[in-house]
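Q: Please take me through the structure shown below, beginning with a charged pair.

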Amino acid sequence: MEPAVRSRVKRGFLWRVSLIAGLGGLLYGFDMGIIAAALIYVRSTFALSTQMEEAVVSVVLVGAMLGAISGGMIADRIGRRATLVCGGAIFVLGSVLAPWSPNVGALIFARGLLGIAIGFTSVTAPVYVSELAPPQSRGMLIGLYQFALTLGIALADLTGYWLAGQHAWRLMFGIGAVPAVFFLLMVMTVPESPRWLYAQNRIDEAEAVLKTYTDQAGALLLLEDIRVSLLTTMERRWSVLWSPAVRGSLLTAVGFTVLQQVTGINTIIYYGPRIFSLAGIASDKSAIFATFLVAIMNVLATVIALVLVDRVGRKPLLYVGVGGMTISLFVLSYAFHNEANLASSLGLVATACLMVYITCFAFSMGPIAWILASEVFPLRVRGRGIAAASLGSGISNFIVSLTFLSLINAAGNAMTFAIYGVFCILTLVFVRFVVPETKGRELESISSKPAAVAP
C-alpha cells in the first residue's frame, strides 16, 4: 500500500480489529487450558475413571475438528462475520452449560460445543482479520491471534490457581463466558469482509467497507488488489493435494503439524497439574501454580518467536528449540526413573524441565508449524492445504490427549516421556531433510520447490 494511503487508516477501526483477533485467540487458549485445573475437581465430583477423564479432555478436540472442517465452508457460504457471530454465540452457550452440568455426560456435551466454537473461530478469525485489516497491519494482527492464544492458556491456569482453594471447577468454566460475550459484542460492531463481499459480486458494499478505514483513493486501490487476487481459481477438490506438484508441500505441512503434537506439548497444557502431582507435588494448588509458571514461559517465548523468526530463519530456531525439547524430555524421563533417589527434589526437576520444554516449543515448533503451513502451498490450493494441516494436527492432538493417562498407567512415567523424546529426535531428522528454509523467499518460489531444504 502507498504511504499516502497508510496514513489515512483510522486507529479506532484498527483497535476493534485488534480486539477481535486477540479475543478469538484468548478464547481458544482459555477453553483449551482451563481443563488442566478444573479436571482435578471434576474427577472427584463425578468419580471419573481414567478413560472418562481422557474423554472430558479430548472431546473438545473432536468438536474443534468438526468446527474447523465445517467452519471454512460456512464462512464461504454465509460470510466471515456471520460465522464468527455463530462461533461467539456457541462459546457463550458452552461456557454457560459447562458450569451447570449435572453429570459428566452434560459436561462432555458442553465441552464439545466449546470445541465447535474453537473450530469456527480458529479457522475464520485469522482469515477475517487478514481480509479486513489494512495490509501494513495484517502481519501484526494475525500474530496477535497466536500470542493471545498463549495468553489465554496462562489466564486459564491463573484462574484455576485462584479458584483452587474453593474447588470451584464450575466457576472456572463459567468465567469463560465473560470474554465470550465481549467477543460476540465486538464482532457485531464490525463489517463483513470486503474480499468476501467482492467474491459475492457485492462490489458496492465491499467498497463501502473499505472506506470505513481509508479514503476514496485507498478504497479503490484495495478494491483493485482484491479483484486481481480473485483472478486465481481456487481448487475445491481435496484430491489435488495428492498431485505430484503439491505432494511435497502436503508432506511438509501435515508431517510437521503432526510432529508438533506427538512430541507431547498438549499433555502439559491439559494434564500439567497431574504431571506435577506424579512428580511429588502433593498440593493441588501448588501443582496448578507450577502449571501457571510453565504457561507464563509459553507466553514470553512466543514473543521471542515473533521477533526472531524473520531475522534468523525458521530452521535455526527449530534446531535450537526442538533440541532443547529433546534434552528436557530425556532429563525428565531420567528423573522419573530415579525418583527414589531424588525424593523431594523431583518436583523442582520436573518444573525446570517443563519450563525449558515449553520455552523451546514456544519459540520454535509452536508458531513455525503454522507459518510453514501458510507458506509452502501454492495459492490455488492454500485453503485446502492449511485445512489438511489443521486436520492432521487435530487428529494427532486428539490421540495424544486421549492416550496420555493410559500410557502413563501402562508404560510408566519415565517411559512415557522418553517416547515423546524419541518423537523429538524424529522431528529433528524431519527438519533436516524435509522442511525448507522459507525465510525471505517469495511464496511462489517456496511452493514451486517445497522440498528443497537447507542445513
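This is a predicted model: local features need pLDDT of at least 70, side-chain atom pairs count only at pLDDT 80 or more; totals for chains, interfaces and linings use all residues.

Q: Which residue does R80 form a salt bridge with?
A: R80 pairs with D76, and their closest N and O atoms are 2.8 Å apart. A salt bridge here is a side-chain nitrogen of Lys or Arg within 4 Å of a carboxyl oxygen of Asp or Glu.

Q: What is the mean pLDDT of the protein chain?
A: The mean is 86, and 91% of the residues reach 70 or more. pLDDT is the predictor's confidence in each residue, on a scale from 0 to 100.

Q: How many salt bridges does the structure hold?
A: There are six. Among them, R202 is bridged to E205 with the closest N and O atoms 2.9 Å apart; R202 is partly exposed at 32%, and E205 is partly exposed at 37%. Another joins K211 and E207 at 3.5 Å, N to O. In that pair K211 is partly exposed at 34%, whereas E207 is buried at 15%. Salt bridges with shared partners also link R43, E53 and R274 into one network.

Q: R80 again: what is helix α5 like?
A: Helix α5 covers residues 80-97, 18 residues in total, and spans 26 Å from its first C-alpha to its last, close to the 26 Å expected at 1.5 Å a residue. The expected span is 1.5 Å times one less than the number of residues. Helices are DSSP runs (H or I, at least four residues), numbered from the N terminus.

Q: Which residues in α5 are buried?
A: The buried set consists of R80, T83, L84, G87, G88, I90, F91, V92, G94 and S95. They pack against α2 (11-33), α4 (50-78), α6, α8 (169-174), α9 (177-187) and α10 (194-199).

Q: Which residues touch the most other members of the largest nonpolar core?
A: F173, F256 and F417 do, within a core of 120 residues. Helix α6 (residues 104-132) supplies the largest share, 12 residues. Apart from this core lies another, of 11 residues, including V246, A253, V376 and F377. A nonpolar core is a set of buried Ala, Val, Leu, Ile, Met, Phe, Trp, Tyr and Cys residues joined through side-chain atoms within 4.5 Å.

Q: What does F256 touch?
A: Leaving out residues up to four places away in sequence, F256 touches L251, L318, M365, I368, A369, L372, T427, F430, V431 and V435.

Q: How many aromatic pairs are there?
A: The count is nine. Rings of Phe, Tyr and Trp (its six-membered ring) pair if their centres lie within 6.5 Å; planes under 30 degrees apart are stacked, over 60 edge-to-face and the rest tilted. The rings of F46 and W169 have centres 5.7 Å apart and planes at 65 degrees, so this pair is edge-to-face.

Q: Where do F46 and W169 lie?
A: F46 is in helix α3 (residues 35-46) and W169 in helix α8, so the pair ties together parts 123 residues apart in sequence. W169 also pairs edge-to-face with F173, at 6.0 Å centre to centre and 80 degrees between the planes. Being four residues apart in α8, W169 and F173 are separated by about one helical turn. W169 is buried at 3%, and F173 is buried at 2%.

Q: Which residues form one aromatic cluster?
A: Y271, F336, F404, F417 and Y420 do.

Key. Residues are numbered from 1 along each chain as its sequence is written. Side-chain values use heavy atoms; hydrogens and water are left out. Buried means under 20% relative accessible area, exposed over 50%, partly exposed in between (1.4 Å probe, protein chains only). Helices (H or I, at least four residues) and strands (E, at least two) are DSSP runs, numbered from the N terminus. Contact means heavy atoms within 4.5 Å.
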